[in-house]
2 protein chains.
Amino acid sequence: MGGEFRIGVLVSGRGSNLQSIIDACADGRVAGRVAVVVSDVEDAYALERARKHGIEAIYHAPGRLKTRLEPEREEALVALLKGRRVDLVCMAGFMRIIHEPLLTAFEGRIMNIHPSLLPAFSGLDVQRAAIDYGAKFSGCTVHFATADFDAGPIIRQVVVPIEDDDTPETLAASILQQEHRIYPEAIQLFIEGRLKVDGRRVLTLAKQGEP
Amino acid sequence: MGGEFRIGVLVSGRGSNLQSIIDACADGRVAGRVAVVVSDVEDAYALERARKHGIEAIYHAPGRLKTRLEPEREEALVALLKGRRVDLVCMAGFMRIIHEPLLTAFEGRIMNIHPSLLPAFSGLDVQRAAIDYGAKFSGCTVHFATADFDAGPIIRQVVVPIEDDDTPETLAASILQQEHRIYPEAIQLFIEGRLKVDGRRVLTLAKQGEP
């Protein structure tokens, strides 16, 4: 891709996954840098985090729709990300479903993270859903974002046990720890060109010089 | 329950899970015995296995329906199991959906095992489904059988990783190994009275004398 690898992060909330990506860039686990952080929520703490690290932090007004950006706003977001020469878009707690302009402009270059072992428990409030269902395991999933919400090709998953005394809050905390580990891993595999998408499957190629 | 704990096993095929239950009864991991094995398939190898161990093995003609027993045949099955004073019914590769007479007669006393991490990948040919979906983990689930197919309260689950080079066959073999471990465990917990069903959740009570 020539020069440094530039990551754009989309956020809506406190940005703990954003922090894990920033940290991984800082200590070399991710060979890139966060070029821009964009939030659809004006007072999202994630913007504050970005500024603390000297990263450009932008509130991008979403328009009047609830579950997605207004189409013109999504086109403006594409222009914004292209203007920063973003190589990879990472959704990190971004609470809107993305659509055509963004998906097309960054096809195969948008990742998302979800706090369950997809395909189980997609959607919202998923830790409670997993506990109420009586599942003995949940986890988290890093996947490519596609037009199928919560159902793009899976890059990495981690399993987290659900204990009898878990609450949605304790389970969310256990899962979040793992999210902070695998999101940077998935990004680095992408940077190294080691993710091979084959239909719905994402195979991991060996590192050059390794078997 | 007074006297020995009597297990009835429903089968349709080769009966490898039946074998794991027989073995666990023999070596004391399960404090009960298989009192009867019933198959809806006349030449199921599971019947042969049962006979080798001196266990009553019955071919129970299913009637003309494909996915379930004919209602009269299901009632006859209930009579058969009651006649053997069965305390717990274990479905082990039994390829028919059970309905009212059996569910009512043995309410809360029917278990099934499924080769996926439910609620993901219910139904048939699930190892292929998990691989094709691109899931990084699957596993197996022991659950109580209810009117909701593949969706009764979950007693035990085990996770099995899906490797890039797994085929439906290799994955099935890995999962089956774990099935053979957790099905006897779940049965023993039932016998010990340690499974507490709370809504959809099945909590495991501590062993008497343990915290």
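A:M91, A:R96, A:I97, A:I98, A:N112, A:H143, A:A145, A:T146, A:A147, A:D148, A:F149 and A:D150 form the lining of the second largest cavity. Keep in mind as you look around that this is a predicted model. The space in this second cavity comes to about 90 Å³. Sort its lining residues by class and you get 6 nonpolar, 3 polar and 3 charged.

Chain A is split into domain 1, covering 1-107, and domain 2, covering 113-211. Taken over C-alpha atoms, the centres of these two domains of chain A are 19 Å apart. On the domain 1 side of chain A, 22 residues are in contact with 15 residues of domain 2.

Now for the way the two chains meet. The size of an interface is often given as the accessible area lost when the parts come together. Here are the values for the two pairs of parts, side by side:

| Parts | Residues in contact | Buried area | Share from carbon and sulfur atoms |
|---|---|---|---|
| Chain A and chain B | 29 residues with 29 residues | about 2,200 Å² | 56% |

So which residues of chain A lose the most area to chain B? They are A:Y133, A:K136 and A:R201, and together they make up 31% of what that side buries. The copies meet through the same surface, because 100% of the interface residues of chain A are also interface residues in chain B.

How are the copies arranged? Two copies of a chain are related by a rotation about an axis and a shift along it. In this model, chain A is superposed on chain B by a rotation of 180 degrees with 0.0 Å of shift along the axis, and the RMSD is 0.0 Å. The two copies are thus related as by a two-fold rotation axis. If you want to find that axis from chain A, go to A:A120: its C-alpha is the nearest to the axis in that chain, at 2.6 Å.

By class, the lining of the largest cavity has 14 nonpolar and 4 polar residues, with no charged ones.

Finally, a few backbone details. Most residues other than glycine have a negative phi, and most peptide bonds are trans. The bond from A:L118 to A:P119 is cis, with omega near 15 degrees, and A:P119 sits in the loop between strand 5 (110-114) and helix 5 (126-133) of chain A. In chain B, a cis peptide bond joins B:L118 and B:P119, with omega about 10 degrees. B:P119 is in the loop between strand 5 (110-114) and helix 5 (126-133) of chain B.

One residue to check for its phi is A:R85, which is not a glycine but has a positive value near 50 degrees. You can find A:R85 in the loop between helix 3 (71-83) and strand 4 (88-91) of chain A.

How values were computed
Residues numbered from 1 in each chain as written. Chains lettered and ligands numbered in written order. Predicted model: local features only at pLDDT ≥ 70, side-chain atom pairs only at ≥ 80, totals over all residues. Heavy atoms only, no water. Least-squares fit on C-alpha atoms with pLDDT ≥ 70 in both. Contact = heavy atoms within 4.5 Å. Nonpolar A, V, L, I, M, F, W, Y, C, P; charged D, E, K, R; others polar. 1 Å grid on protein atoms, 1.4 Å probe; cavity = no way out; pocket = protein on both sides within 12 Å on 5 of 7 lines; lining within 4 Å. Points joined across faces, edges and corners; volume = space filled by probe spheres on them. Domains from an automatic or database assignment. Buried area = accessible area lost by both parts, 1.4 Å probe. Helix = DSSP H or I, 4+ residues; strand = E, 2+ residues; numbered from the N terminus.
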